[in-house]
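Trainee: Can we walk through this model together? I'd like to take it piece by piece.

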Amino acid sequence: MNRIIFILCLSVNFLIAQQTEFVDFKHVESVLLFNQIKVDSTVFNSYQVKFDILKHTDSVYLDAQNMKFMNVALNKTPVKFKNDGNKLIIYHSFKANSTHTLNFLFFASPKKAMYFIGWDNESQNQLWTQGQGKYTSNWLPSIDDMNDKIEFDLTIVAPKGYQVVSNGSMVSKRETPTYDLWQFDMQNPMASYLVALVIGKYEKKVEHAKCGIPLEMYYYPEDSLKFEPTYRYSKQMFDFLEEEIGVPYPWQNYKQVPVKDFLYAGMENTSVTIFADSFVIDEIAFIDKNYVNVNAHELAHQWFGDLVTETSGTHHWLQEGFATYYALLAERDIFGDNYYHWRLYDYAQELLAQDQAGQSTALLNPKSSSTTFYKKGAWVLHILREKVGDKAFKLAVKNYLEKHAFKNVETTDFISEVEKASGLDLKSFVADWLESKSFLYEDCINALKSSSDEISKMLQLDEQLMFSSHSINSSINSYWEQAESSELKRRLFLKDETRLVHDSIFKKALNTNDIKIRQAIALTKSEISEALKTDYESLLEDDSYVTIEAALYNLWKNFPQERQKYLNKTKGVQGFKDKNVRILWLTLALITEDYNAEFKTQYFEELTYYTSPVFGFEVRLNAFQYLNQIKACHDACQVNLEQATKHHNWRFSKFAKELVKQYQ
Ligand SMILES: [Zn+2]
């Protein structure tokens with residue numbers, strides 16, 4: 001008996017896994033009603049899907065999590081169906097080479113993949129989706145399997161006064177007195193996890209790429225001054241990537257939308273990248289935390305991931321490795337060769353650390369870490385390009401994308417194009433770099449040494465420091481004198497040994513006016529001598545929120561008699577979107593005796609307010625941490641902490657769950 005059940009399960013799973021052999025879903029049109037949005041509201045929607053039957057089958061299904069269905073009709077006739085909570089299964093004797101249309105109404109109340117932000121508090125209201133990882137089928141009947149690509153055309157009924165952004169072109173907007181109807185049109189198919197929707201209050205600016213593609217950049221109405229630093233280089237990177245990749249951008253337009261409390265840095269939904277609003281930054285923040293790399297990475301995915309999509313996780317590097325590599329190329333176009341090489345150097349250090357911890361995996365292992373998929377993937381492409389040359393590499397990429405456009409790909413599809421374009425046999429390359437779990441650190445470092453003088457110098461210094469521990473001070477000093485680039489100097493100060501360096505070098509460094517070198521000192525030099533005090537104090541005036549935060553704390557700690565002065569100097573600084581400087585300032589102001597005693601209650605209330613869901617989780621996390629440190633997370637803070645344990649961002653909820661234990 002057991003055996004029969006086992007075999008039965010096996011055959012059902014086999015059939016489920018193979019649906020793409022029997023049916024090809026072509027085109028979905030769905031009207032989604034959001035005219036009245038409430039948190040956790042059930043959404044009632046209409047749906048039509050057209051599909052081709054490839055082989056005879058008795059049923060087809062759509063993935064649909066926890067939905068209800070009505071008026072299910074196949075080719076306008078009621079049809080037998082089953083809703084098992086995960087799938088809508090349609091029973092019919094489908095003949096090979098036939099075409100069908102399925103219509104129904106569905107009710108969804110998504111618990112994940114679609115997020116309603118702020119509709120239950122005083123902060124701004126947003127709705128956004130995240131399909132990868134958690135699946136679109138939580139809010140829209142679709143296909144969880146990436147291998148069936150569908151043209152999705154959504155029509156959204158939204159409250160008045162909101163912007164709606166979805167895949168493809170917005171072809172019409174009909175207004176009624178109570179709601180607006182936004183109709184979107186895609187021209188090409190995509191995997192279901194790339195379907196996206198954002199509803200929120202936004203302004204937008206549109207630029208046009210060299211090729212004429214509209215680049216729509218969205219921002220919150222209050223952030224008009226942050227628009228330029230946030231989206232800096234967007235058009236340049238778009239034009240660069242289109243030229244570098246050699247294949248025209250594959251979609252009708254390209255939109256970028258920031259959202260609150262996002263799960264990742266960014267997500268490359270087809271023609272609409274959604275990104276964390278912590279990347280919406282001002283002029284000063286640009287220096288330390290800008291959107292450039294994420295911007296380029298998600299854009300590169302429009303080709304690598306969206307136009308050609310992995311068949312399975314085994315080939316995940318074809319998406320993440322490529323996006324990481326092409327983002328680096330776009331950054332090299334902006335920031336120069338040295339920047340590119342240092343980033344590769346940092347990736348190599350991260351991969352080496354992973355290797356030394358015994359956690360290296362093969363690039364083709366679907367269970368690999370992000371470090372492997374992203375950074376080893378980028379390194380593999382860098383090394384491969386050096387091996388076959390620019391011309392063959394670019395030709396191979398072009399042929400690979402054109403041949404598999406709007407389809408799915410595996411690693412051999414790419415490698416075989418490189419072999420064709422270069423005439424080389426890449427068997428041993430594949431074995432060493434893709435199949436082997438060891439990380440070839442020496443090869444990477446040798447490649448960098450031959451292309452970057454700066455990195456060669458840095459490596460020489462590392463060797464000297466290792467063998468001449470008695471003269472660290474003079475080694476660093478002489479390197480400091482020799483180093484021409486500020487990046488090399490900056491890195492000298494980030495070394496552990498720096499604490500042994502004589503103050504005179506710090507003094508010299510603080511007088512360079514190089515913001516990054518000065519920042520390295522703020523970050524590493526936590527004990528400040530009287531001799532260095534005046535120079536160190538000037539860090540509080542730097543145009544860097546990282547520097548100000550570190551310098552304020554270090555000065556406050558080292559010179560108790562001057563605390564009032566330091567606090568007065570940094571009073572109005574907010575810092576990044578996560579309010580790093582303001583939250584530190586409030587904490588120090590609270591615990592500094594005699595400082596503005598009449599405002600202490602106000603400071604405490606402000607700091608506690610930052611723990612509430614009105615703010616993004618980045619702000620809340622900082623506020624919880626500081627309040628906890630000064631043992632001042634009281635009633636309102638604890639209520640907010642309890643609420644944070646249920647937050648949809650798992651990193652934040654995990655943090656809150658750990659912290660809440662201390663109050664139980
Ligand atoms: Zn990515």
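**Helix pairs**

Mentor: Start with helix H8 (residues 370-388) and helix H9 (residues 390-403): their axes come within 6 Å and cross at roughly 120°. Helices here are DSSP runs of H or I with at least four residues, strands are runs of E with at least two, and both are numbered from the N terminus. Axes are lines fitted to C-alpha atoms, for helices over the stretch in contact, and angles run from 0 to 180 degrees between N-to-C directions.

Trainee: Before we go on, what kind of model is this?

Mentor: This is a predicted model, where local features need pLDDT of at least 70, side-chain atom pairs count only at pLDDT 80 or more, and totals for chains, interfaces and linings use all residues. Residues are numbered from 1 along each chain as its sequence is written, and side-chain values use heavy atoms, with hydrogens and water left out.

Trainee: OK. What do we call the arrangement of H8 and H9?

Mentor: H8 and H9 are oblique to each other. Angles under 35 degrees count as roughly parallel, over 145 as roughly antiparallel, 65 to 115 as roughly perpendicular, and the rest as oblique.

Trainee: Which residues meet there?

Mentor: From H8, Leu381, Leu384, Arg385 and Val388. They meet Asp390, Ala392, Phe393 and Lys394 in H9. Contact means heavy atoms within 4.5 Å.

Trainee: And how do H7 and H12 cross?

Mentor: The axes of helix H7 (residues 337-356) and helix H12 (residues 441-451) cross at roughly 165° and come within 10 Å. That makes H7 roughly antiparallel to H12. Residues of H7 that take part include His341, Leu344 and Tyr345.

**The zinc site**

Trainee: New topic. Which residues hold the zinc ion?

Mentor: His297 (NE2), His301 (NE2) and Glu320 (OE) coordinate the zinc ion, at 2.0 to 2.1 Å. Donors are N, O and S atoms within 2.8 Å of the metal (3.2 Å for Na, K and Ca); water is not among the atoms, so sites may look incomplete.

Trainee: How are the donor residues spaced in sequence?

Mentor: The pattern is H-x3-H-x18-E. Histidine 297 sits in helix H5 (residues 292-301) and glutamate 320 in helix H6 (residues 317-335), so the pair ties together parts that are 23 residues apart in sequence.

Trainee: Are histidine 297 and glutamate 320 buried or exposed?

Mentor: Both are buried. Buried means under 20% relative accessible area, exposed over 50%, and partly exposed in between (1.4 Å probe, protein chains only).

**Strands**

Trainee: Now sheets. What is the order of the four-strand one?

Mentor: S9-S10-S15-S12, an open sheet with antiparallel pairing. Strand S9 (114-117) and strand S12 (163-166) stand at the edges with a single partner strand each, so one side of each has no neighbour in the sheet. Strands pair if DSSP finds at least two bridges between them.

Trainee: How many bridges join S9 to S10?

Mentor: Four, and S9 and S10 (residues 126-129) run antiparallel. Tyrosine 115 has tryptophan 128 in S10 as its bridge partner.

Trainee: What about S19? Which of its residues are buried?

Mentor: Both faces of strand S19 (residues 266-269) are covered. Gly266 and Glu268 are buried on one side, Met267 and Asn269 on the other. Four bridges join S19 to strand S20 (residues 272-276), and the two run antiparallel. Glycine 266 stands opposite phenylalanine 275 in S20.

Trainee: Which phi does tyrosine 233 have?

Mentor: A positive one of about 75°, although tyrosine 233 is not a glycine. Tyrosine 233 lies in the loop between helix H3 (227-231) and helix H4 (234-245). Tyrosine 233 counts as partly exposed, at 27% relative accessibility.

Trainee: And lysine 631, buried or exposed?

Mentor: Lysine 631 is exposed, with a relative accessible area of 68%. Its phi is positive too, about 50°.

Trainee: Last one. Where is lysine 489?

Mentor: In helix H15 (residues 486-493). Lysine 489 is buried, at a relative accessible area of 17%. Not counting residues up to four places away in sequence, lysine 489 touches Trp480, Ala483 and Ile517.
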